[in-house]
Amino acid sequence: MLALSRFIQRRPLAILIIILSLTIFFALNARKVTMTTDVRDFFPGDHPEVKAYDEIADTFGGTEYIMVATEGEDVFQKESLELIQSLTERFESIPGVDRVRSLTNVEEVKGTAWGIELSSLLEELPRDEEEAARFRSRVLQDDFYAGSVVSGDGKLSLLALELDPQANAVEVADGVLGAINEERVYATGTPVLNSLLAKSMKEDLIRLIPLVVLLIALVLYLYFHNLWGVLLPFLTVIISTIWTMGSMGLSGRQMTPLNSVMPVILITLGNAYGIHILSRFYDEASREDPGKAIENTLVSVGTAVLMAGTTTIAGFLSNSTSTIVQMREFGFFTGFGILIALGISLIFIPAVLLYVKVPNRDASRESGVFRNILLRMAQLTVAAPGRVIIVMLLAAGIFTLGVPLLTTNSNLFNFFDHDTQPRIAYELVKSSFSGSESLELVIEGDILEPEVLRSIESLQDELEATGLTGKPISIVDVLKRVNMALNDGDPAHKEIPASRELAAQYLLLLEMSDPDFLTRFITVDYSQARIQAMVKDTSPEGLASLFDQVDALTKEHGGNVTTTGMVKLLDALAAMIIRGQISSLTLSLIAVFLLVRWLTNSWEGSLLSTLLITLSTAATFGFMGWTGVALDMVTVLISSIGIGVGVDYSVHVYSGYQEARKKGKEPADAIIAAICQRGKAIICNAAAVIGGFLIFLFSSFPPLRYFGSLVSFTMFFAALFSLTLLPALIMARAKRSMVG
Amino acid sequence: MKRLLVLGLLVVLASSASAASGDEILARLDETMQSGSREIVQQMTLISAKGQERTRQIQMWSSRGETDRMLVRFLSPADVAGTGLLSVGDDMWLYLPALGRVRRIAGHAKKGSFMGTDLSYEDMEEFGSTGFAAGYSPELIRTEQESYLLRLTPHSQDRGYQHLKMQVCRERFLPLRIEYYAPDGSLVKVLTTMDFQQVQGRPTAGKLIMEDVVKGSKTVLEQLKVDFEPDINEEMFSTRYLERGR
C-alpha cells in the first residue's frame, strides 16, 4: 500500500490521463452491446436437452411458436375472417416465419365426390351470412379445428406461427408485433415474451438507474456534506460500468435479463470502496498535507478496502462454475466491474485528491446522535455478548427454517404482472385454446405398422386424458382423416388404416399433393413420428406433474420415445439453477474464507466472517421460502451478491478490531473502537446499497422487485450481524480465553 | 485503332450470333430429349436434410400426342407396389391397391411434387414430353469449351420460377446442370445430370440429382431402364387398365 501511495504521488497526472482515455475507448465499444433473451442462450451448446430440442427442430421443423389470438363477437363474420386472412398473409411474409396455421389457411384433407385433395379449409371468404353460418358449423363440429384454430364458442381465433429453427426468434417476434396494428389482436408465446422482456427491461432500467443514482448521491451527500464526496465515488462506478460494458462489447457479449441488472449492481456496490477511502482521507487531511494524508489513508484502510473488494469479486466469480452460460458471463463481467471499481478507488481517487482542495471537516459529524447509538450498541455487546448472540441467532434461525419451502421457477410468464398485455394474451390462449407452448414426443419404430400406429394413438389418448395438454396431434390423426375422406367422408371410417399397405399408400397420396405437409409429422424414411401437444399449465408444478406422467406413459409404452419442447428446456433450466446455486454458493464461501484468512492473517476473522455471511444468506433463502418467492433467473443472483458484499462488513469490523488490538487495546476496548470507527461507514454503505436495491421495487417486473428486496434483506442482515453478532462472538471468545 | 475496330466488330458479331443461337440450342436440346413415347424404370431416392433416405422404384410409360399421356406404376417398396398413377392431359387418377379403387386427383396436383420427390410434375414433364422451348425464351449467356450457358425466362408467371440457368453439353445437347430461381431471384433448386449413355442411338442421362437448396433435401433419380421405342398399347392410358393393378 505504501508503494502504491508513492507511485500515485509521483505520477498523478499520467494516471488521470490514462484512466480517462481508457474510459473513452471502452465507452465507444460499449455501444456494440446488444440484448438477447433467447432461452437457449442460457444453456451450453452441448447440453443434452438442447441437443434433443435441436434434433427435433432439425427433423420435423420448428417447435417454437408465436400464437396470435383475435377476439370478436363471432370470428366467422366476414370482417373477422378478412382480418384473419390479412394477418395470415402479413405473418407469412415475415422472414423467419416458416408456416402460419390459421382459420383461413389450415389444411384440410378433403374427400370429395370424385377423390381427395389436401387444400385450405376455407378457399374463399363466405359471400353472405348463410355461407358464413355453414362454414361456422362445419368448423365448430370438427375437433380438429375447434379448440385449435378457433375457440369452442367461436369468439376467438388463433393463428399459430411456426418459426424457422435457424431464425432469431426475438427478431421474428419483433416483426410479428410490428405487423399487428389492430385492436383485440394479442400475441404470445416464448419468443414474444422474450422480445417484450428485452424491450421493457431496457425501459425499466433506463427509468430506474437515475433513481438509484439520485438516491445514492443523497446518501453520499448526507455522509460527506460536500460535492467531492458525492462526485468521486460516483465517477468510480461510472468508469467501472463503462469499462465493463466496453469489454462486453469488445468480446462480443450480449446483455441478458440476467446481466441487465449489472449496471445497477456496479453503481450500488462500486461506491463502497470510494466511501471508505474518502472517509479516512478527510480524517487524515484535517491533520496532514494531502500527500501524507493519502499515504496514511492507503496504509490504514487500503488493505481492508482491497479485502472487501476481493471477496466481492470472488463472490461474483464463483458463478463461473455455473452450467448456465449467462450466469457465468454475469459472474465474470460483474466481477470484472468490481475489480475496476476497486482499482479506480485505490488509484484514481487518491490521484484526484492530490489536486483537490479539501474542505474543513464538519465538526458536527464527529459528535451527534449517530455516534452515541453506535457507542451504546458497542457497550451493550461487550457487556452481554451472550444475550446478543442468542437474540441474533434466534432471528436468523426463524428465517432459516423457511429454506425447505424454497421453490424454483423458470417460467417466463412470471416476468409479467397479471394485468400486462403479454400475460393477458397468455391467459387467453391458455383458457380458450390448449396453450402456447408445445410438448414434443418423438416415437421411433416402423411407424406404418398398424400396431405401432395404434400404440401412438393410445399414447395420445392417455396424454390427453391427463388433462394437462390439449388434443395431441400426430400422423395418426392425418391417416385417420384420409381414411375417412376416402371412404366417402363416413365418420365411421375415421380410424387407423387396417394395413401397412394402406397407410403407406395414403402417405404416398398425400406426398403427391404436398410433400411438406407430412414433414412435421413423420420422417421421410417413416422411422420417426412426432406427437405434438400444447401444454396447458406451464407453471413449475404443472410441468413437473406433466413430465412425471409423460415419463410414466412412455415407459408403459416401451419402444423408443424422446420428450422435448420449449417447456422441457425451461424445466431443465430450473434444475440447473438449483445445481448452479449450490455449487457457486459452496465455492464462494470457500473463496471468501481463504481470502479473508489470507488478508487478515487470522483464522478467527475468516471463520467468523464466513459464518456470519452463511447465516445472512441462509436467512435470505429462508425468507424466500416463507414468502413464496421462487428462485428464478434473476433472484438466483442474490446469493453471490450477498456473500461477496455482505462479508465486507464483517471484514471491516474485524480489521478495525485487529488495528485497535495492534495499538495495544484490550479486546473490549478494541471492539468498541472498531464499531465506532467503522460502524458509520458500514451503515452509510449499507444504506446506500439497500436503498439502491430497494429502487427495484419500482420495477415493472416481479422478479426484479423480488431481487431488489432480497438483496436489501441480505445486506441488512449482513450489516446488522457484523455490528452485533460478530463483536459479541469475539467478546465471548475473549472472555472464555481470559477465564481459561 | 484498327485492332480496336476489329475487336469491336467481333464483339458485335459474336453477340448477334449468340442471340440467334439461344433458340437453336434449346430446340436441339428438346429434339434430343423428346421422343414420341418411352418407357422408363426408375429408382427414386429421397434424401432429407438430416440424411434420412427413402427409396422407391417406378415404371413409367408415356406417349405424346394431342394430349400427353402417362402411366406410372410403383414396383417397390412392397407396401406401395402396384400403386398406379394415370395422367391424361390435365386430368389425373390414382389407384391405391390396398383400397382397391381408382380415385381422381385434383388438377392442381400437377403443380405439386412428382411422387413426393424434390421435382415437380412440371419439372419432370419438361424433361420428357413438353420440352423447354415451349415454355421459355432462351438467352445465350456464354459459350464455354464444353458447354453453353443459357438463361431461360418462362413465358408464363404460373411456372413459379423467375428464371432458369441451364448448362447445356455442346457434344450431346443435354442439360448438364439447371438452376431454378424463385420469383424473388433466389436460387431454390439445382438439377445435375450424369452417367450419360447412348440408348437406341440417343444420348441420355442415366442419373439425375435434384437438390432443394432451401430445404436441404435431395432426390436422386437413377434410370434402370430406358426404352425410346416401347411397345405401348393406347389402352394402357385408361382408368380401366389403371385399376387392373400390376
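Analyst: Helices here are DSSP runs of H or I with at least four residues, strands are runs of E with at least two, and both are numbered from the N terminus. On that count, chain A has 26 helices and eleven strands. Before going in: this is a predicted model, so local features need a pLDDT of at least 70 and side-chain atom pairs count only at pLDDT 80 or more, while totals for chains, interfaces and linings use all residues. Residues are numbered from 1 along each chain as its sequence is written, with chains lettered from A and ligands numbered from 1 in the order in which they are written. The scores for the model are ipTM 0.85 and pTM 0.73.

First, the setting. Along the principal axes, the C-alpha atoms of chain A fill a box of roughly 105 × 55 × 45 Å.

Strands count as paired if DSSP finds at least two bridges between them. In chain A, an open, antiparallel sheet has the strand order S3-S6-S2-S7. S3 and strand S7 (185-188) of chain A are its edge strands, each pairing on one side only. From one strand to the next, the twist averages 20°; axes for such angles are lines fitted to C-alpha atoms, for helices over the stretch in contact, and angles run from 0 to 180 degrees between N-to-C directions.

Walk across it with me. Strand S3 (residues 97-101) of chain A runs antiparallel to S6(A), with four bridges, and A:Arg99 has A:Glu162 as its bridge partner there. Strand S6 (residues 156-163) of chain A is mostly covered, with seven of its eight residues buried. On to strand S2 (residues 65-71) of chain A, which is antiparallel to S6(A) and joined to it by seven bridges; here A:Glu71 is partnered with A:Leu156. S2(A) is also antiparallel to S7(A), through four bridges, and in that pair A:Met67 sits opposite A:Thr188. Helix H15 (residues 421-432) of chain A packs on this sheet, touching S2, S6 and S7 of chain A at about 90° to the direction of S7(A).

The other sheet to look at has three strands: it is open and antiparallel, ordered S10-S9-S11 in chain A. Strand S10 (528-535) and strand S11 (560-564) of chain A are at the edges with a single partner strand each, so each has one side without a neighbour in the sheet. The twist averages 20° from strand to strand. Eight bridges pair strand S9 (residues 437-444) of chain A with S10(A) in the antiparallel sense, and A:Glu440 stands opposite A:Gln532. Helix H21 (residues 566-600) of chain A lies across S9, S10 and S11 of chain A, at about 100° to S9(A).

Let's zoom in on one residue of that sheet. A:Ile531 belongs to strand S10 of chain A. Is A:Ile531 buried or exposed? Buried, because 24 other C-beta atoms lie within 10 Å of A:Ile531. Setting aside neighbours within four places in sequence, A:Ile531 is in contact with A:Leu441, A:Ile443, A:Ile456, A:Leu459, A:Gln460, A:Pro472 and A:Ser474. A:Glu440 is 91 residues away from A:Ile531 in sequence, yet 5.8 Å away in space, C-alpha to C-alpha.

A helix of the chain is worth a glance too. Helix H10 (residues 290-317) of chain A has a kink of about 50° centred on A:Val301, the bend being the angle between axes fitted to the seven residues ending at a residue and the seven starting there. Of the 28 residues in H10(A), 20 are buried.

Finally, the partner chain. The contact takes 25 residues from chain A and 22 residues from chain B. On the chain B side, strand S2 (53-63), strand S5 (91-96) and strand S6 (101-105) of chain B each supply at least two residues, and S6(B) gives the most, with three. Chain B averages a pLDDT (the predictor's confidence in each residue, from 0 to 100) of 85, with 89% of its residues at 70 or above.

Technical notes: Buried ≥ 20, exposed ≤ 12 C-beta atoms within 10 Å, placed from the backbone. Contact = placed C-beta atoms within 7 Å.
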